[in-house]
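Biologist: Please put the model on screen. Then let us go through its salt bridges and its ligand.

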Amino acid sequence: MKRISYDIVIVGSGAGGGTVAQELSPLCRQGLRIAVLEKGPRLRDDEFTGRELEMAGALYEDGGGFLTADGTMTIAFGCAYGGSTVVYTGTSMLPPERVIRRWDVPGLTHADLDGRARKFMAENNAHLVEDGLINENNKLFVEGCRKLKYDVQQFPVNIKGCRGSSLCNLGCPNQAKQGTDRVQLPRAEQNGVEVVTRCEVLTVGEKTLAARVAAKPAGAKGDPSPWEPGDYQIDAKIVVLSAGAVNTPALLLRSGMGRSLPRLGYGFTSHPAFIIVGEHARPIVNFVGHPKSYYVDQFAESDRFVLETCMYFPFITAKSMAGFGEPHSAFMRAFPRLQMILVLACDEADAHNRVTIDKAGRPVVHYRFQPKGIYGLMSGAYTAAKILFAAGAVRVHMPVARDPTIEAGDAGRLEEIAAAAEFRPGKTPVSAAHPQGGCGMGIGPSDSVTDSYGRVHGLPWLFVADASLFPNSLEINPYVTIMALADRVAQRIREEVPALL
Ligand SMILES: Cc1cc2nc3c(=O)[nH]c(=O)nc-3n(C[C@H](O)[C@H](O)[C@H](O)COP(=O)(O)OP(=O)(O)OC[C@H]3O[C@@H](n4cnc5c(N)ncnc54)[C@H](O)[C@@H]3O)c2cc1C
Ligand code: SF4
């Protein structure tokens, strides 16, 4: 086993880890040694081909299909230099005041988080995209919403030089999306932070980590790790865990910290989601332009759902539709004529929903759909179907309806169809891309895992800086809030470096 030492080690390079790396990187000029250990590979620009199966395997954990314990939901998250920010869509939302107030974390104010979030919005070039990048799928969503008098709003998106290839969730082939792989990590490296890819941290002990560096598999995308393959012991005076809401709790649990931190793994939420597709009589341009420009969140408080435009590729679309055989094939044959809306439920922390580990130490996510989450998905499906018909769809696929294919002639019976609809866990296809919680912030070990600056209770040298810090669902797209929280963690570390080293 090789042994290496650093002053600060950051585990994971996504929204949280990339931000901490950038914000701590000026310390390298004072002679501190800082490393980011990232399990995934670093791809060259020319390896982003936009091919669905190829890129899903290269950039996502389990190809984007990580399954919950009972197999009723898949969770998508990235595993690469830049983490999930390589595959996210780049919609950039400020933390909602009502949610931060409800979280009620002592020491965490909305005003503080908002100021930091705005800094990262500007740094990542978040802005409302110009008309030329807004495709027909998005325009039809706006048209349908306006007919129904819904409050439709445009997403700020963090792109620079976007060529409208609509491939954001497969990694941008045009280097336009401003994820941590494009902005924060390169800056951190310029300042002297080392990024070690293909390096999986196995356990964390008292100021030390055990890690394994993997060889690049034959034919795989990405550079080899800068370190030789093999096992390493890495000593660090300060450790920051940013492995994401599934992997950070799992890493702490397999490191034996569950006994002193009884809330570890609890409070997991994920914005469970499904897509509702509407078939039009004519082709709908969905695969050119930016895929996600508009949303409706007026129902988040009352009915627990948010609607967003979306564009999914054939494989994801096929697996997201209920049923099989001819009705399913008919929608897939109509792929170039499909309009798509994503329904996200605003789920809530629940005693059952949590991250644990299996005997081999791998993460296991226990997720049970709660009545409020199911209500959110059901009412979201009904509202999305109304929007699709208002926009001119000739038939709609509603995965929760008894017969998922609803013809335009039955649009007047939509309320009745929705009332008879049924959410069947395991049969209704649900996926999530916003895993949150598991190391929630709070007062002490009886209610949380960390304080409001991400410091793990009782371990002054150990911090968490990622989506696992959320004590409950954020109810909107989370990456900007994660960066704002990571900025607080970095600030606390900078202030305490003299005492901690
Ligand atoms: C398809 C998709 C679209 C999305 N779109 C949006 C969007 O438009 N707007 C938005 O706000 N959010 C979006 N999100 C969510 C957003 O990307 C995530 O919430 C955010 O990136 C999470 O940040 P994080 O730091 O918690 O984890 P991640 O960004 O997932 O980073 C965690 C990193 O840790 C690494 N890691 C894990 N375990 C280990 C280990 N043991 N050792 C070393 N490294 C490890 C992983 O490989 C990964 O790179 C999207 C997500 C997906 C999947
Ligand atoms: S739509 Fe823009 S940001 Fe998304 S993949 Fe294409 S060029 Fe990149």
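Modeller: Glu-97 and Arg-101 both sit in helix H3 (residues 97-103), four residues apart, about one turn of the helix. Helices here are DSSP runs of H or I with at least four residues, strands are E runs with at least two, and both are numbered from the N terminus. This is a predicted model, where local features need pLDDT of at least 70, side-chain atom pairs count only at pLDDT 80 or more, and totals for chains, interfaces and linings use all residues. Residues are numbered from 1 along each chain as its sequence is written, chains are lettered from A and ligands numbered from 1 in the order written, and side-chain values use heavy atoms, without hydrogens and water.

Biologist: How far apart are the closest N and O atoms of Glu-97 and Arg-101?

Modeller: Side chains of opposite charge can pair when their charged atoms come close. A salt bridge needs a side-chain nitrogen of Lys or Arg within 4 Å of a carboxyl oxygen of Asp or Glu. Glu-97 and Arg-101 form one, with their closest N and O atoms apart by 2.8 Å.

Biologist: Is Arg-101 buried or exposed?

Modeller: Buried means under 20% relative accessible area, exposed over 50%, and partly exposed in between (1.4 Å probe, protein chains only). Glu-97, at 38%, counts as partly exposed. Arg-101 has a relative accessible area of 56%, so Arg-101 is exposed.

Biologist: How many salt bridges are in the whole structure?

Modeller: One joins Glu-47 to Arg-44 at 3.8 Å, N to O. Glu-47 is buried, with a relative accessible area of 8%, and Arg-44 is partly exposed at 41%. A search of the whole structure gives a total of 41.

Biologist: How much of the accessible area of ligand 1 does the protein cover?

Modeller: The areas come from the Shrake-Rupley method with a 1.4 Å probe. On its own, ligand 1 has 1,000 Å² of accessible area, and the protein covers 96%.
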